Amino acid sequence: MRFVDIVKEYLFNSTIHGVKFIADESYHVAERAFWIVCVIVSWIGSALLIEASLEAFRTSAISFVVETSYRDWNTKFPAVVVCEMRNMERIQAVADDLWGPDHDFAMEEVLNEISYFRGESYHTLNECGGEDTTENCFFSNFSSYARLVRSSCEDTLEECYWNDKPFDCCKYFQPMETELGLCYAVNSLQTSAKNPLKIDMISNKYTGPGKLRISVLTEALIYTLGEEDVPNLITPKSEVLLIDYYISYKRQISIKDIENDPETKQVSVEQRKCRFPDENILDVHAYYSYSACSVQCRKDKQLKTCNCTNHLMPNSDPAQRCDMAGLVCLNTNYEELTIVIPSWSTGKRGVVCDCLPSCTEVDIAIVHDWRESIFNPEKRYSTIEIELSALPTERYKRNVVRGRLDLVVSVGGTTGLFVGASLLSFVEIIYYFTIRPYGTVFMRKIRTRLHQHQHQ
């Protein structure tokens, strides 16, 4: 069967509108030319609208609005993370155990710098990084020395209250490995515990604004974060409480949550421009967040630049942790390895991180801070009270305005309007150019045989 015959048969029988007039030779040439133009224009119009629908689906599938129906909301209290910042008594005790009471006191500064590593190692390199090293220097296995110094939860926290009701601090404040070292967190997804216990820290119109009060026994940094976020080196200092002894701190915060349409997860990451915590592509933390991604960026940059990572980097292979030579490299390239810069920045040293925000990140704002002195000659401690200034009156809502079904309906409506086609119309094309020619040849052979049989 000739290809021209196949094309004519398809055009005569196609359910796509207009094409049968092109193949019908009983029409005048001008009429057939008219229908050719009409069909071409219809297909071009259909293609343009389909392209516009695909582009809208790729770039405008999500809308971001503000909701104000706050009376029906349950607001989760943010994660609170306590990271020890310094403990000179502990450092002195560990140094005495390691090297005796007559040790070189410069080694205490080295222990302090290693245990609370923040990217630079001035004292460590001065004492142990050159040719003339201080007695008792150590040159590797820094994480072990850090673990000796860092305080346990019981030595860090006591007297915890939620809405003035006491709870066991270390039962709910779980250990969290961070690039700042071992911290303790409540309400966080990123803790090391496999099945962490959680307090029902919910605020609504029945409970009123929530309030957390804790006593801290060491100098520490207090972070107030979303449940998927982690403390890191680039957390703005204005958002961190620096805790010292004999001071009572009180911080009021406001919260704006993000509510996601249930269909949001069906939209690709590129379209919604965010990741859910369980859509993790990182190895430093178990759940995705922008802050966790920035930690991953610094880890990758450290491996690329120094062929090792700092000894406090979470979930790092012990074989990849820096020795003294690596510590020298990290210190030399401090700015390049620590500061995060945008990809369009020029002339600045730093890490370029192509990190998307979390789809569930919470907007936490500081409303007011108070502090006053306290004194207890029997014990050194500080108290921290973090509370919602008021119940939220707004929250963000991420809605899906162009889902996959919307795209199918849009494309189907466009092809139906312009060319009168359906899904089966495109199946016809495959049928007439593959199966149908063989069927026609086969039926002709059968008819020929029947005709010959009748004449015999």
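Predicted model: local features only at pLDDT ≥ 70, side-chain atom pairs only at ≥ 80, totals over all residues.

Student: What makes C308 and C322 a disulfide?
Tutor: Their sulfur atoms are 2.0 Å apart, and the cut-off is within 2.5 Å, so the pair qualifies. The link has 90° about the S-S bond and is right-handed. Both C308 and C322 lie in the loop between α10 and α11, so the pair ties together parts that are 14 residues apart in sequence. C308 counts as buried too, at 6% relative accessibility.

Student: How do you know that C297 and C353 are joined?
Tutor: Here S to S is 2.4 Å. That still falls within 2.5 Å, so it counts as a disulfide. C297 lies in helix α10 and C353 in the loop between β15 and β16, so the pair ties together parts that are 56 residues apart in sequence. C297 is at 15% relative accessible area and C353 at 13%; the limit for buried is under 20%, so C297 is buried and so is C353.

Student: How many disulfides does a search of the whole structure find?
Tutor: Nine. One of them joins C128 to C137, with S to S 2.0 Å, and that link is left-handed, with -80° about the S-S bond.

Student: What is C38 called, at 27% relative accessibility?
Tutor: Partly exposed. Buried needs under 20% and exposed needs over 50%, so 27% lands in between.

Student: What makes α5 largely enclosed by the rest of the structure?
Tutor: Nine of its 10 residues are buried, so the helix is largely enclosed. Among them are A106, V110 and I114. The buried residues of α5 pack against β3, α4, α6, α7 and α11.

Student: Which residues of α4 and α5 meet?
Tutor: M88, I91, Q92, V94, A95 and W99 in α4 meet M107, E108, L111 and N112 in α5. The residues of this contact divide into seven nonpolar, two polar and one charged. The two axes come within 10 Å and cross at roughly 120°, and the crossing is right-handed.

Methods. Residues numbered from 1 in each chain as written. Heavy atoms only, no water. Axes fitted to C-alpha atoms, helices over the stretch in contact; angles between N-to-C directions. Helix = DSSP H or I, 4+ residues; strand = E, 2+ residues; numbered from the N terminus. Left-handed = near helix turned anticlockwise from the far one by under 90°. Contact = heavy atoms within 4.5 Å. Nonpolar A, V, L, I, M, F, W, Y, C, P; charged D, E, K, R; others polar. Buried < 20%, exposed > 50% of the residue type's maximum accessible area, 1.4 Å probe, protein only.
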